[in-house]
Every structure is written in structure tokens, then in C-alpha cells.
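Below is a short briefing on one protein chain. Look over the sequence and the structure before reading on.

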Amino acid sequence: MTEYAWPPELRPSRQVFYLQPNTLRFVSPLTRQTQVLRREGARWMAEMTFDPLNPRLAGVLEGLVAALAGSVNTVRLRDFRREFRSGDPRSQGDVPSGPYSFNDATIFTDGTGMVVGSGNPALAAGAPRGALSLVTQGWWPNTLAVGAGDHIGLGGRLYMATARVMASGTGTASIPIAPPLRAAAPIGEALFFSNVSTPMRLVSDDEGINPTRPGRFTSITCRFEEAL
């Protein structure tokens with residue numbers, strides 16, 4: 001199996017991108033009381049529409065679809081609505097005031113110090129497979145770490161923050177996520193928040209259907225599912 005990068009010149013005119021849970025429902029035929037079992041296998045689903053495509057861009061997309069060979073190969077795909085996290089102080093031009101001292105409460109002799117938070121947060125504690133929250137560090141103190149719905153990249157997979165989280169005064173934050181963590185992650189593993197993608201494959205062998213209008217403009221809609 002080969003994994004392809006998404007061509008940067010291709011952006012959908014419309015998209016569907018959502019997390020599909022994997023649940024099992026038991027409904028009593030007598031009382032209609034319902035029990036729901038949460039199972040492994042939640043996955044990201046996507047539908048991307050490209051309309052119109054000129055001949056060059058149509059060729060780029062059709063070439064990618066051909067290379068994917070139906071569901072054989074994968075492509076790194078992202079949600080084009082959420083390319084940056086809402087709490088990123090750099091994107092907002094919001095640099096917190098300082099200075100912040102060393103852990104022994106001292107600062108430099110000229111009165112300056114350091115700002116806590118590298119801008120590249122990481123895990124402050126290891127997280128087991130199946131975890132629904134991440135203990136993180138490296139944030140700007142007392143500022144928004146992530147907003148609800150922000151995407152997080154960890155271990156090459158895509159996760160969503162399910163609630164708005166503020167960083168503590170020491171730059172730590174506990175972030176609830178979905179889906180459950182795919183694999184155990186060690187302390188210090190980096191988190192990513194820009195253009196977070198996940199490996200996805202075509203849903204069927206017919207995703208390259210390409211109706212073409214007069215004027216040689218092409219419309220293509222492709223459906224994808226996360227490769228687990």
C-alpha cells in the first residue's frame with residue numbers, strides 16, 4: 001500500500017467531513033429502553049466535490065484517483081474548514097505578556113525573562129490506547145489552548161478537541177478528544193495543529209466518475225473513509 005500526499009492546488013468547492021462513531025444499539029421490543037455499546041472503529045468520513053475543474057486541475061485529481069487504485073492506496077486528507085486551531089496566539093497576533101521566570105523564580109539581570117510555551121505543545125504525560133483526553137504542556141499560560149472542534153494531529157492521526165480548554169498558569173492543559181486514541185503515545189510526543197490530516201482511502205472503485213460540461217469544465221465528487 002502506498003500513501004500519497006494531497007495535491008496542494010486542489011481545494012474542494014464543497015465538502016463533507018465528519019467523525020462516524022461505531023456503536024451498537026439494543027432496543028427492548030417491550031419497553032423501547034435502549035442500551036448502546038460503544039465499539040472501536042470510529043473513523044473519519046469525507047466527501048469532496050470539485051466543481052468546476054479546468055483541464056489541468058481535472059488531470060491532477062484524476063491522476064490521484066487513478067493512483068489510489070480504488071481502495072488499495074491511501075491519501076493524506078484534511079478538513080479544509082479547519083486548517084488552524086482557534087487558540088493559536090500566533091495566528092491571532094496575540095503574544096501574552098511576560099516576563100516568566102525560571103523554575104527557581106529568577107529572571108535575567110536586565111529584568112527580562114522567558115515566555116512559557118514553545119508554540120509547539122507536546123504530551124505532558126503518556127496516554128494509553130483508547131484514551132479520551134490528553135494531558136499536554138507547552139501552551140501560553142492562562143490563554144485559550146484549543147477551541148471546541150479544533151483538530152489535533154498525534155501519531156499521524158487526526159483527533160478533535162471536544163471542548164474549549166484554557167491553559168493553566170504553567171502552560172499545561174487537559175484536552176478531551178474524539179475518537180479514542182488509536183495507539184499509546186509516549187510523554188513528550190509532539191502535537192500538531194496546522195493542516196492536520198489522516199490517511200484515507202476511496203470508498204469505492206467508482207469515485208472517479210467525471211461528468212464534463214460544454215467548455216471542458218469537469219465536476220468530480222469523491223468519497224473517502226479513514227484507513228484504520
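With which residue does Arg 182 form a salt bridge, and how far apart are the closest N and O atoms? The partner is Glu 226, and the closest N and O atoms are 2.5 Å apart. Arg 182 and Glu 226 are both buried. The model is a predicted one.

**Overall make-up**

- The protein contains two helices and 16 strands.
- Of its 228 residues, 39% are buried.
- The accessible surface is about 12,400 Å², and carbon and sulfur atoms account for 54% of that surface.
- Among contacts with a separation of 6 or more, 69% are between residues 24 or more positions apart.

**Strand pairing**

- Strand S2 (residues 14-20) and strand S5 (residues 43-53) run antiparallel and are joined by seven bridges.
- In this pairing, Arg 14 is found opposite Thr 49 in S5.
- S5 also pairs with strand S16 (residues 217-226), again in the antiparallel sense and over seven bridges.
- Here Ala 46 is found opposite Phe 224 in S16.
- As a general point, side chains in a regular strand alternate between the two faces of the sheet.

**Salt bridges**

- The structure has nine salt bridges.
- Besides its salt bridge with Arg 182, Glu 226 forms one with Arg 157, where the closest N and O atoms are 3.0 Å apart.
- Glu 226 is in strand S16 and Arg 157 is in strand S11 (residues 157-161), so this pair ties together parts that are 69 residues apart in sequence.
- Arg 157 is buried, as is Glu 226.
- Arg 78 and Glu 83 form another salt bridge, with the closest N and O atoms 3.0 Å apart.
- Both residues of that pair, Arg 78 and Glu 83, are buried.
- Arg 11, Arg 78 and Glu 83 belong to one network, joined by salt bridges that share partners.

**Aromatic pairs**

- There are five aromatic pairs in the structure.
- One of them is formed by Trp 6 and Phe 80, with 6.4 Å from centre to centre and 65° between the planes, an edge-to-face arrangement.
- Trp 6 is in the loop between strand S1 (3-4) and S2, and Phe 80 is in the loop between strand S6 (74-78) and helix H2 (89-92), so the pair ties together parts that are 74 residues apart in sequence.
- Trp 6 counts as buried because its relative accessibility is 9%.
- Phe 80 counts as buried because its relative accessibility is 10%.
- Phe 17 and Trp 44 also pair: their ring centres are 5.6 Å apart and their planes are at 40°, so this pair is tilted.
- The pair links strand S2, which holds Phe 17, with strand S5, which holds Trp 44; the two residues are 27 residues apart.
- Phe 17 is buried, and Trp 44 is buried too.
- Trp 6, Phe 50, Phe 80 and Phe 224 make up one aromatic cluster.

**A loop residue: Glu 9**

- Glu 9 is in the loop between S1 and S2.
- Is Glu 9 buried or partly exposed? Glu 9 counts as partly exposed, because its relative accessibility is 35%.
- Glu 9 and Leu 57 are 48 residues apart along the chain, and their C-alpha atoms are separated by 7.8 Å.
- When neighbours within four places in sequence are left aside, the residues in contact with Glu 9 are Arg 56, Leu 57 and Val 60.

**A nonpolar patch on the surface**

- Which residues form a nonpolar patch on the surface? The patch consists of Leu 24, Phe 26 and Leu 37, which together have about 250 Å² of accessible area.
- Leu 37 belongs to strand S4 (residues 34-38).
- The relative accessibility of Leu 37 is 42%, so Leu 37 counts as partly exposed.

Methods
Residues numbered from 1 in each chain as written. Predicted model: local features only at pLDDT ≥ 70, side-chain atom pairs only at ≥ 80, totals over all residues. Heavy atoms only, no water. Patch = residues over 30% accessible without salt bridge, like charges linked within 9 Å, V, L, I, M, F, W, Y side chains within 5 Å. Areas by Shrake-Rupley, 256 points an atom, 1.4 Å probe, with all protein chains shown as cover. Salt bridge = Lys/Arg side-chain N within 4 Å of Asp/Glu carboxyl O. Helix = DSSP H or I, 4+ residues; strand = E, 2+ residues; numbered from the N terminus. Buried < 20%, exposed > 50% of the residue type's maximum accessible area, 1.4 Å probe, protein only. Pairing = 2+ DSSP bridges. Contact = heavy atoms within 4.5 Å. Phe/Tyr/Trp six-rings, centres within 6.5 Å; stacked < 30°, edge-to-face > 60°.
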